[in-house]
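Open the model in your viewer and get ready to select a few pieces one after another. Each stop below tells you what to pick and what you will find there.

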Amino acid sequence: MTAKAATAVGETQTPHWAPANLLGSLSLKQFLLSNDYRVFALKGILTSLVMLALAGLFALTFRAELAQPDIQFFGARVYMGLMTTHGMIMVFGFVIPIVLSVCYYMMPVLLKTERLLWIGAAQASYWTLVLAALLLIVGRPDFTWTVYVPMSLRVGGDFVWLGYWAIVLVGVSEFLAGAVLLRNVLAWKGRWMGMPLMGWAMLSEAGLLLVSTPLLALVGLYLFTDWIGATALFDPARGGSAKTFLWMFWFYGHPAVYLPLVPAIAIVYTLLPRFLGRPIWSYLSGVIAFLLLSVLSFIVFHHHFQPDVTTHTWVQRLFQILTLFIFIPSALHVFNWIATLWQEDIPASAREAIPFKFTVGAIFFLIVGGVTGFLNAQISVDTDFIHNTYWIPAHFHAMFLGFCGQMAAAGIYYLYPYFTGRMYNQALGNLHFWLWQFGIFAKVMLMYALGYAYFPRWVVDYLPLDEWVTAQLWLTVAAFVIGLGFILFIANLAIGARWGAPAPSDPWALAAAGRAEAIPAAAN
Amino acid sequence: MQHALGLMGNQAIMVGIMLALGIAGIVALFLAVFLPQRWHLVYRMELGFVVLLVALVVYADNDSAGTYRVYEAGLSGEGALSGKVVGDAETDDFDRRITAYAFQWGFVFLDEKGVASRNAVKVAPGEKVLFTLASNDVIHGFNVPAARITTEFEPGEMRRIWIRAPEKPGKYLIQCVNYCGLGHAQMKAWLVVGDAVGEGDGPHV
Amino acid sequence: MIIRFWLISGIVLVGVAWYLVVPLSLAPMQSSPVSAAGEYRQAGLLPAVGEMAMSREIGHGVFEIPEADAAHAAEAAESDGGMPGMDMPEADMPGAEAPGMDMPGMAMGEQAEEPMPPMDMGEQAQEPMQPMDMSEPAEQPMQPMDMGEQAQQPMPPMDMGEQAEEPMPPMDMGEQAEQPMPPMDMGEQAEEPMQPMDMGEQAQEPMQPMDMGEQAQEPMQPMAMGEQAEEPMPPMDMGEQAQEPMQPMAMGEEMEAHGEPADMAMGEGEHRGGRGLRILDPHEAMGHIDREVAISMKEWGFESGNLTVKAGETIRLIVRNTGNIPHEFMIMPADGMQAVNYRLERADWNLLEHEALFEREIVLPGDSFEVVLQVEQPGMWMYMCMFPYHMQFGMMGMMMTEGTSTDGNPSMGGMKM
């Protein structure tokens, strides 16, 4: 593939799908400003990894406090500042942007546009998100990532408005991303049923982004205007309603959890055929699952605040049924992948490949996290040990870290030779992989156990109950294991870029596996 | 121990189904990756899979709805701000009616006579207790692990739940489970299940 | 090159962010909400203003006093170098050295470096500045506090470590573990009730018989026997102390409920008093009240600031909750914080009890109550609301007799140690 003529600042001349030291050839200005989609995607990836480091360090910090009962290092304000920033930066600054960035890298070739259309909007999306992160850090609010009112209007301090505006900016950034994705998907010129599954995924994602993010931006805006007293939409004390907030926020909040999931699923659909040398088992199943997920994700969100009624009427029952249904599209994806894996031999080149390992590891966690969705959806079970106990963070860490985070790693490892011209260190990669499997598994299982034992969320300290104390200590250990894996990941990326073995022209032995091109133009 | 939602039996089945599905999925994944034998699934199998999942959905929905319906039938009247203290003594079978007033950061429990206690509520073993939950300021949660129930409520609302007090006397934990400000982690109370003899008649005068 | 830029800028950003969120965390604070109590009163869910009675049934058996409290109090007193209340020339004015940093239970975190600026206490200039509880690492460097306007600033919690004025403070038997306590001749120390004695670690020797002398009128205050549980107490000659039944000793057992009519609206254990303060029955005290003080409590402070009282006077406090959150009202001896500081932010705070001279457990927004105090001797006390974080936000005030000074050489009466 040859590069197109430069369209804007710094478009590079290196070929797209031959391993080349793209990263090494950039000046700082080019890195920050280039409209070459690969550089733009790399900028997103590297920034998201910084966000992961930031929010991850915060996690290790509060994990150190939680390792034992009683207050050792800091009290509730510092803890909640850490927890709020951890949650927001992880969701908005890491897990969504990183998988989107990997998709930005792959989309133009898959969809045959050769560049990212509306790159200006994409750049605006990136920089808005960076600004949002900075506002959040400076504001360091303590109102949790779900910003429930009236508490979020009451938390003290003159800086809290920075937090509200960070939320608005995230909404703006994500909306722009949705517009960019839609524009690029609509540029596909072939038959719709011939479009790579990445395209269907990005169409689904665009729908999620465009419809849900205005609500997030509005919520942030109304939080600010309520706070300054210009409006009284959410504040019950002045005639507003916290329920209005709950309905508005979670209308965004449920699609929000699919924002990282859908691109991560797309990466699986893109990598598996390449490593296995065969197409996905059922293309149609993939398309249906993406569309079904998008539609359902807008009509299930009451389950997040399910216990807010005394009597459950047909409204809540409908939400329960739909929530139970939304487990099905994800199950279809998993079925599809297992069938793809099982139908023929897996080449040795795939088995050794770190990205392939991470893909399998990610699917493992999608199953672990996903089946609990079946329980979470049921009102009577949710009312027992699930709602607002550690069961919930267990579920979403399995999904966000176990699945989405690992697919991001898989995508990055896959793209690595293409943007550095070298291979990372295989041993380090393996170590990263195993540390994460054990660390994430221990973390997720311990959190489920704690949730089952009614350990509450958002607490800086806890009673020294037997069921809680040992689990919290081991949870801290697991977190540090994950942190160590992350350090090895970064080290691998950094060291390999300079000292890694030069990558062969077909780094993933795709030709040997039967795939002629890195990202072939053929269907899926 | 009695459970408010009578969940023990049903819940075990649901957890069992979840575990079975999860283990089946993981086993299938591992087999697909490691088993030397290959298996080309026919498309009909996915249809069968979908039918199975839909059946599970129907089963789970019915079970869950059935459970909470039985539970909510135990609440009488509506929970709105009706101007009336809820829990009509003639039509319900509650042994005790308690108002739990949640605030930043603690609970005040009031019995039917309006006698208050802070961060502790005393009930007799096995009693059916109606809690009317009210919030002074922000959204609070109310979780009684021993009764396996959780709820949340905003200022102005009156949330009603009932529990069956544990049989074994002792102190049981009540905790707030919605982040409500800096004192959230400390917002705990005791559910005191006293000896059956002579207690539960209200305050001594 | 990009990689290098990425790594360096990443590390810098992460480091700065961590530093902003942890050591430079913003001060814990919350604005006062608007209470929904009014709505609920209208709905009949909450009793009307003035009509809420406190339960008798839920007594001290439910909320335990952890044994560690006594140990912390003892440890804190010990770090004064001996008996609190004795003449302690070394008790320097806590100022630039930020004393109390080694107080038990204060997690210093990263905040150990800041020297505390000298504080201007207004009229309290004589008083040693109480050590501050630094458990939240340096939200901001401590501002000089003007106690006059104490409502504005969030006052960090005070730890009353080294104050030295209390006459007849609790006797901390501390290091006196080896010696059996010599017979105490209460001698002329007749009028005052014997203050609670904290037997601390004096576990080895049985207590010698105490001659209570003329200490007749007042019931003996509860003695916190702490660990002195093994030895049987020898008979105490109570002298004429016949009228009042001896108060139950707080051995950690449930105190019997007093039979107070519900309309007295006074809760469990409210008659405790002690340490120079006596709580009187408002009905009986009618006619003997020297003055009335209105105290209003709200978020986040007591608008009345500090109270100056005269030894011997009888005061009626009318305490009103003019805020938006339920509060409690509690009176403690000035050094009472030492016993509980270590667990102030712990998850079990609401589930445990703490010693107080007077406590009104709940005052709903808009409600009020009254309590009659008799100040029996010069001293210093604190009143506060010890709900989680309320005190840290500023809900605390001081009550002290005029002229209470630093160079504490309190009269010990005829007490020979």
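The tour below visits a pair of helices and then two places where chains touch. Keep in mind that this is a predicted model.

**Stop 1: two helices in chain A.** Select residues 354-376 of chain A, which form helix α12, and then residues 426-452 of chain A, which form helix α15. Their axes lie 10 Å apart, and the helices pack at an angle of about 5°. Because angles under 35 degrees count as roughly parallel, α12(A) is roughly parallel to α15(A).

Now show the side chains at this contact. From α12(A), pick A:I354, A:K357, A:F358, A:G361, A:F365 and A:V368.

**Stop 2: chain A against chain B.** Next, bring chain B into view. Here 61 residues of chain A are in contact with 58 residues of chain B. Which element of chain A gives the most to this side? Select α10(A): it gives 14 residues. Other elements that give two or more residues include α3 (76-110), α8 (242-276) and α13 (379-386) of chain A. Helix α12 of chain A, from the previous stop, is also among them. By class, the side of chain A that touches chain B holds 36 nonpolar, 15 polar and ten charged residues.

**Stop 3: chain C against chain A.** Finally, select chain C. Contact with 39 residues of chain A is made by 30 residues of chain C. On the chain C side, 20 of these are nonpolar, six are polar and four are charged.

Notes: Residues numbered from 1 in each chain as written. Chains lettered and ligands numbered in written order. Predicted model: local features only at pLDDT ≥ 70, side-chain atom pairs only at ≥ 80, totals over all residues. Axes fitted to C-alpha atoms, helices over the stretch in contact; angles between N-to-C directions. Helix = DSSP H or I, 4+ residues; strand = E, 2+ residues; numbered from the N terminus. Parallel < 35°, antiparallel > 145°, perpendicular 65-115°, else oblique. Contact = placed C-beta atoms within 7 Å. Nonpolar A, V, L, I, M, F, W, Y, C, P; charged D, E, K, R; others polar.
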